[in-house]
Amino acid sequence: MVKPGLLRSVFGRVTLSALLVSLLSTLALFLVVRQIVAEDGRARLAREVDTDLAGLADIYVSGGDHELRARIADRLGVEREDGERSWYMLVDGQGHVLAGNLKRWPAVSPQRSETGFVVLPGGERMFARATRLGPGARLVVGRSDDRGQALLERLAAAFAVAGAVIALFSLAAGHFAARRLRERVEAVNATFATVRAGQIGARAAGAGQGDELAELAANTNSMLDQVERLIEAQRAISDQTAHEIRTPLMHLDTRLLKAMETTGDGMLLAMLGQSRAELRGVVRLLDSLLDIAGTQALRGDRRGLGEIDLSDIAERMADLYGASAEELGIGFHARIAPRVMLRADPMQMTRLLTNLLDNAFKYVPSGGSVLLELSAGPQIVVQDDGAGIPPTDRKRVFERYVRLDNGAGTGHGLGLALAMAIAQRHELSLHVEDAAPGARFVIRPERGS
């Protein structure tokens, strides 16, 4: 049984889906936590900046810009324990810098006392607020965001490691769960393959485990039980039908024979002989129909099949038809490879070759030729150089009761239908090709068998 690839397998897709869900869940959780941490950091910086700015504004009101410049210088001279940097800029009405460590006014408006993150010329990121202190005086206070950025980086690294661990666990758990499910589904598929191989009594395991796959196994077994009963019923009906119809027909044939032996009327004798011939034709028709129905019912059933030497059967057919060909003035050729083996029913394979050879001899004219070829594979070829079969009829000839207009002799058009049923029962393909001239019937193993 060929296993599908990872993406074509239901269980592979389930495993990958579980992995994708775990990764997306981890990513979503990271984004939520990152947003919360970022907002908390921003609120912390806003409180620090607002507190500092309010204190400096009070100093400006009470001591003027001279005192304010002194306090800004004091603040810049203190090294913070948390490693964060403080940023200040005090300008007058003409835009002259009075104090601070900023070289250029950041992109925050003092008129609206605007706040926000600002990227400095050196690439450092700070949170700042600007305000107007008096006529023309403006002040901006900022705090570096190094600690917040470092926290976000550590958070990202932690989630990356956690995501990798979760992905591995999800992949492992999904793999083991999917493997268990796959084994149970494959057990059901293997049961079907076993039944198709001929063991109609095979049943799926695990029908009593109480889950959906157990229900599938139970339904499979119930279906196979019903199929087995139907096959047995069909066989019984076929056997009974054959017996019930054939027996009175044979009794009738016996009565006709006795009537022929006792009558001296030539006309009546001819009519009785014609009736016997038609009666025997009905019996042959019945036998052929039963053979076709029985063979089709056994399709995929490998019971009763054994390893046979197909070459030996073909050799016997060649000897038999070789003698008939001489009497009919037909050239018969056989090319048979030795020791070609096949798991088959020997009687049915004999019937298959007989029907194909009978068909070839029926449609080839006197002076023509017929070829029987057997090669490894196995491949069987029966070819004649008669009128051939039109392309539109090459599938139709294997249907029941089909006889082409240029056919010779009598028959019911069931020989090739039975040959097709026998080929299918043995997992062989049968088709006809143009032999230019004539017809070429080819039998070979079905693809995938």
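Predicted model: local features only at pLDDT ≥ 70, side-chain atom pairs only at ≥ 80, totals over all residues.
Residues are numbered from 1 along each chain as its sequence is written, and side-chain values use heavy atoms, without hydrogens or water.

The protein comprises 7 helices and 12 strands. These are DSSP runs numbered from the N terminus (helices: H or I, at least four residues; strands: E, at least two). Of the 449 residues, 38% are buried (under 20% relative accessible area; exposed is over 50%, partly exposed in between; 1.4 Å probe, protein chains only). Contacts are heavy atoms within 4.5 Å. Among contacts with a separation of 6 or more, 62% join residues 24 or more positions apart.

The whole structure contains 5 aromatic pairs. Rings of Phe, Tyr and Trp (its six-membered ring) pair if their centres lie within 6.5 Å; planes under 30 degrees apart are stacked, over 60 edge-to-face, and the rest tilted. One of the pairs, Tyr 321 with Phe 361, is tilted, at 5.5 Å centre to centre and 40° between the planes. Tyr 321 belongs to helix α5 (residues 310-328) and Phe 361 to helix α6 (residues 346-363), so the pair ties together parts 40 residues apart in sequence. Both Tyr 321 and Phe 361 are buried. With Phe 332, they form one aromatic cluster.

Two arginines sit over rings (CZ of Arg, or NZ of Lys, within 6 Å of the ring centre and within 35 degrees of the ring normal). Arg 125 lies over the face of Phe 117, 3.8 Å from the ring centre. The charged end of Arg 138 is over the ring of Trp 105, 4.9 Å from its centre.

Ala 334 lies in strand β7 (residues 331-336). Ala 334 is partly exposed, at 39% relative accessible area. Beyond neighbours within four places in sequence, Ala 334 contacts Ala 318 and Leu 372. Glu 315 is 19 residues from Ala 334 in sequence and 8.2 Å away, C-alpha to C-alpha.

Leu 31 is found in helix α1 (residues 10-77). Its relative accessible area is 48%, making Leu 31 partly exposed.
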